[in-house]
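The topics are grouped below.

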Amino acid sequence: MRDHGYKSEGGFGKSVAAMSCPLVREQPIAEGAKLIRRVFRIQRILRDRQDPLAQRDSVLIERYRFSHEGIIYLANLLDPYVKSSTRRSRALTTAQTVCIALRFFASDMFLYTVGDAENIGKSAVCRSIRKVYLALKHILARLSPGFPNVTGTIDCTHIAIKAPPGPNEGDFVNRKGVHSINVQMVCDSMCHITNVEAKWPGSVHDSRIFRESGLCTLFERGAYDGILLGDRGYACRQYFMTPFPDPNPGPQTRYNAALARTRARIEMTFGQLKGRFQCLKSLRVAPDRACDIIVACAVLHNIATIRKERTPVVEVQPDDDLQPVHLNQPSGRAARDRIVQHNFEY
């Protein structure tokens, strides 16, 4: 066999090994290595985060759906829950955290798009949103107006979500074939959301959501003096007025018309809520997180309404064509007949 001179030890073989793996066995010159490493060292980059409140009110409302004063109010309200425990690495301020979450709620953007717009990473966006919606969920009871000393209107609306994994995926498909959360809300005459039930899959009927809600339990116990107004998808109860399915001309027709005009408040509330917070068009998160985000948007809607923030121009959403519920209680029919007799026979 011809000897080409490639040896494993010493001589030319050692030179080949040294060239293929330089600076592995031999210690480099200390000063030269320090200079080289200093030149090529990757410096940590800290992004320049501008103050979001430095913009004009028109820009703030377009981006975050709140004015300068409204954002400051939210920052002060949420500061105990979302403020960073450290100032290391230029941690986000409370105002920045709130604005990041508001930008997500107000838009239909992906997390990384929000991050690009706010000049932060996707993981920081996710943490900020989670902090804010959990804080808003925590203070929900403090911001709900005094329901139900006045009549409230009730209905459900569907919030689309991405298809969840697992065997229960079919439960979230509603009548239109879309994966959704069926959300029950009650509003008062000022379009404040006074009660929200956001935990049911899209396939669940409105009447079942109310029947199994804590609100129904409280009404059944006599804890409230007011009445609720709903559509024909609910059963008529002593405290829950629904339309006549086949009204006679005259008083019953006038009753149905008055109920429809009053119920328009809840449809207007749904329109304002979804118009103000575009993320509710479709939430690309797991169902449990979607429910928390929906509740947070309801709380923000109340704050915006109370503070008289600019209201988006929306169209009243049409009622869902639900199958009517015929399990009306005798006490409910009697209460409805009394209302017709006392108020609509003229």
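The whole structure, a predicted model, contains 10 salt bridges according to the search. Side chains of opposite charge can pair when their charged atoms come close.

**Asp292 and Lys137**
- Asp292 and Lys137 form a salt bridge, in which the closest N and O atoms lie 2.9 Å apart.
- This pair connects distant parts of the chain, since Asp292 sits in helix H12 (residues 287-306) and Lys137 in helix H7 (residues 122-138), 155 residues apart.
- Asp292 counts as buried because its relative accessibility is 13%, below the 20% limit for that class.
- Lys137 has a relative accessibility of 41% and therefore counts as partly exposed.

**Arg208 and Glu212**
- A salt bridge joins the side chains of Arg208 and Glu212, with an N to O distance of 3.1 Å.
- Arg208 has a relative accessible area of 34%, so Arg208 is partly exposed.
- Glu212 is also classed as partly exposed, at 42% relative accessibility.

**Glu309 and Arg307**
- In the salt bridge between Glu309 and Arg307, the closest N and O atoms are 3.8 Å apart, which is inside the 4 Å cut-off.
- Glu309 counts as buried, because its relative accessibility is 8%.
- Arg307 counts as partly exposed, with a relative accessibility of 34%.

**Network**
- Asp155, Asp231, Arg263 and Glu267 belong to one network, joined by salt bridges that share partners.

- The chain has 13 helices and 5 strands; helices H7 and H12 are the ones linked by the pair of Lys137 and Asp292.
- Of the 346 residues in the chain, 45% are buried.
- Among the buried residues are Asp292 and Glu309, each of which takes part in a salt bridge.

**Contacts and surface**
- Among contacts in the chain with a separation of 6 or more, 69% are between residues 24 or more positions apart.
- The accessible surface of the chain is about 19800 Å².
- Carbon and sulfur atoms account for 52% of that accessible surface.

Notes. Residues are numbered from 1 along each chain as its sequence is written. This is a predicted model: local features need pLDDT of at least 70, side-chain atom pairs count only at pLDDT 80 or more; totals for chains, interfaces and linings use all residues. Side-chain values use heavy atoms; hydrogens and water are left out. Helices (H or I, at least four residues) and strands (E, at least two) are DSSP runs, numbered from the N terminus. Buried means under 20% relative accessible area, exposed over 50%, partly exposed in between (1.4 Å probe, protein chains only). Contact means heavy atoms within 4.5 Å. Accessible areas come from the Shrake-Rupley method with a 1.4 Å probe; for residues, only the protein chains shown count as cover.
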